[in-house]
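Thanks for coming. I will go through one model, starting from a turn and ending at an aromatic pair.

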Amino acid sequence: MSVSDPIADMLTKIRNAGMAKHEKVDIPASNIKLEIIKILKTEGYIKNFKRMPVDGKDTIRILLRYDDITAPVIHGIEKVSKPGRRVYLGYKNMPRVYNGYGTMIVSTSIGVTTGRKAVERKVGGEVICKVW
């Protein structure tokens, strides 16, 4: 089955696994998904991840992170740029997510990065998603 928006599918799988209190979630691998997951790891939203073959297909296994009362650390994850409506912003117009408590993930000319780093490096790009 083909998926029209694989990044939105990945974000939905992460959101649903967190709400269902799953320990891990497997998603089909791609380079851009791997870069987004690396950002989620460095920002502290997930425990860890591993790229591995599952049933002969390249897969990324994500270990989800929970706080002390078993609530998921990811309170919300939302796709901003969609196939029907791409959202591009310059570094001067980059919004903050929940007054700096969340993270904006942006695809720029220097690679996939957070909105904060894009502003520091003075580059804009396509806003992929926001996480809080």
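Helices (H or I, at least four residues) and strands (E, at least two) are DSSP runs here, numbered from the N terminus. Two strands pair if DSSP finds at least two bridges between them.

Before going on, the sources. This is a predicted model, in which local features need pLDDT of at least 70 and side-chain atom pairs count only at pLDDT 80 or more, while totals for chains, interfaces and linings use all residues. Residues are numbered from 1 along each chain as its sequence is written, and side-chain values use heavy atoms, with hydrogens and water left out.

β2 and β3 run antiparallel and are joined by eight bridges.

Contact means heavy atoms within 4.5 Å.

Now a residue in strand β1, namely I27. Is I27 buried or exposed? I27 is buried, with a relative accessible area of 1%. The cut-offs are under 20% relative accessible area for buried, over 50% for exposed, and partly exposed in between, with a 1.4 Å probe and protein chains only. Leaving aside neighbours within four places in sequence, I27 contacts M10, K13, K33, I37, T59, I60 and I62.

A29 sits in the loop between β1 and α2. At 21% relative accessibility, A29 counts as partly exposed. Not counting residues up to four places away in sequence, A29 touches R51, D58, T59 and I60.

Next, the cores. A nonpolar core is a set of buried Ala, Val, Leu, Ile, Met, Phe, Trp, Tyr and Cys residues joined through side-chain atoms within 4.5 Å. The largest one has 24 residues, of which M10, I14, I62, I105 and V131 touch the most other members. The elements giving two or more residues to this core are α1 (6-19), β1 (24-28), α2 (31-42), β3 (57-64) and β8 (125-131). A second, separate core has nine residues, including V97, M104, A118 and V123. Beyond four places in sequence, the contacts of V131 include L40, Y45, I74, V97, T103 and I105.

T103 brings us to strand β6. With 4% relative accessibility, T103 counts as buried. Its side chain makes a polar contact of 3.5 Å with that of E43. A polar contact is a pair of N or O atoms within 3.5 Å; within protein, one must be able to donate a hydrogen and the other to accept it, and residues adjacent in sequence count only if both atoms are side-chain atoms.

β6 also pairs with strand β7 (residues 111-114), antiparallel, over four bridges. A hairpin of two residues joins β6 to β7, and S107 stands opposite V112 in β7.

Last, the rings. Rings of Phe, Tyr and Trp (its six-membered ring) pair if their centres lie within 6.5 Å; planes under 30 degrees apart count as stacked, over 60 as edge-to-face and the rest as tilted. The count by this rule is one aromatic pair. The rings of Y98 and W132 have centres 5.1 Å apart and planes at 50 degrees, so the pair is tilted. Y98 is in the loop between β5 (88-89) and β6 (103-108), and W132 in the segment after β8, 34 residues apart. Y98 counts as exposed at 52% relative accessibility, and W132 as partly exposed at 22%.
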